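Have a look at it first, and then we'll go through it piece by piece.

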Amino acid sequence: MDKQERIRFMTVEDIEAVLHVEEHSFSVPWSRTAFTNELTNNQFARYVVYEVDEHVVGYCGVWVVYDEAHITNIAVLPEYRGGKRGEALLAYIMEFAKLMGAKKMTLEVRVSNEVAQRLYRKYGFQDGGIRKNYYTDNLEDALVMWVMLNEHE
């Protein structure tokens with residue numbers, strides 16, 4: 001039987017599952033409090049989850065402030081990577097940001113994360129600079145990337 005896969009907006013009920021994705025994706029995962037605040041207090045934040053057979057296997061967050069969007073996090077459980085789910089999340093959130101009026105989008109990615117950088121470049125992101133010692137776990141630099149949303153169709 002085929003798996004049922006979909007992307008939908010995240011709710012507070014999804015936080016436990018998203019924390020599981022966080023813990024298996026990042027060396028310094030966000031806290032329950034951080035996600036609760038994003039969903040209940042941050043008027044600029046929107047999060048989506050990727051479900052396989054009604055189980056959350058990935059998620060993506062974005063802040064849309066006026067005409068700029070900033071991807072906060074994007075992650076997929078390791079056992080679900082390689083199936084274009086991260087790409088689907090990225091494409092979905094880019095379309096959503098455009099619908100919300102964003103003209104450009106930015107994100108930070110570890111300078112060592114070449115897989116993610118290739119995905120972002122596939123969607124038109126370009127290098128915008130370096131944030132020195134950005135990641136608190138090992139002080140790795142972050143590559144800032146930008147894309148003009150109306151130029152990438």
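Contact here means heavy atoms within 4.5 Å. This is a predicted model, where local features need pLDDT of at least 70, side-chain atom pairs count only at pLDDT 80 or more, and totals for chains, interfaces and linings use all residues. Residues are numbered from 1 along each chain as its sequence is written, and side-chain values use heavy atoms, with hydrogens and water left out.

Let's start with the sheet. It is open, has 7 strands in the order S1-S2-S3-S4-S5-S7-S6, and its pairing is mixed (strands are DSSP E runs of at least two residues, helices H or I runs of at least four, both numbered from the N terminus; two strands pair if DSSP finds at least two bridges between them). S1 and S6 (126-131) are the edges, each with a single partner strand, so one side of each has no neighbour in the sheet. S6 and S7 run antiparallel, joined by 5 bridges, and Asp 127 sits opposite Met 145 in S7.

Now for Asp 14, in the loop between strand S1 (5-9) and H1. Is Asp 14 buried or exposed? With 7% relative accessibility, Asp 14 counts as buried (buried means under 20% relative accessible area, exposed over 50%, partly exposed in between, using a 1.4 Å probe and protein chains only). Setting aside neighbours within four places in sequence, Asp 14 is in contact with Arg 8, Phe 9, Val 49 and Val 56. A polar atom of the Asp 14 side chain also lies 2.8 Å from the backbone nitrogen of Thr 11.

How values were computed. Polar contact = N/O pair within 3.5 Å; in protein donor to acceptor, adjacent residues only side chain to side chain.
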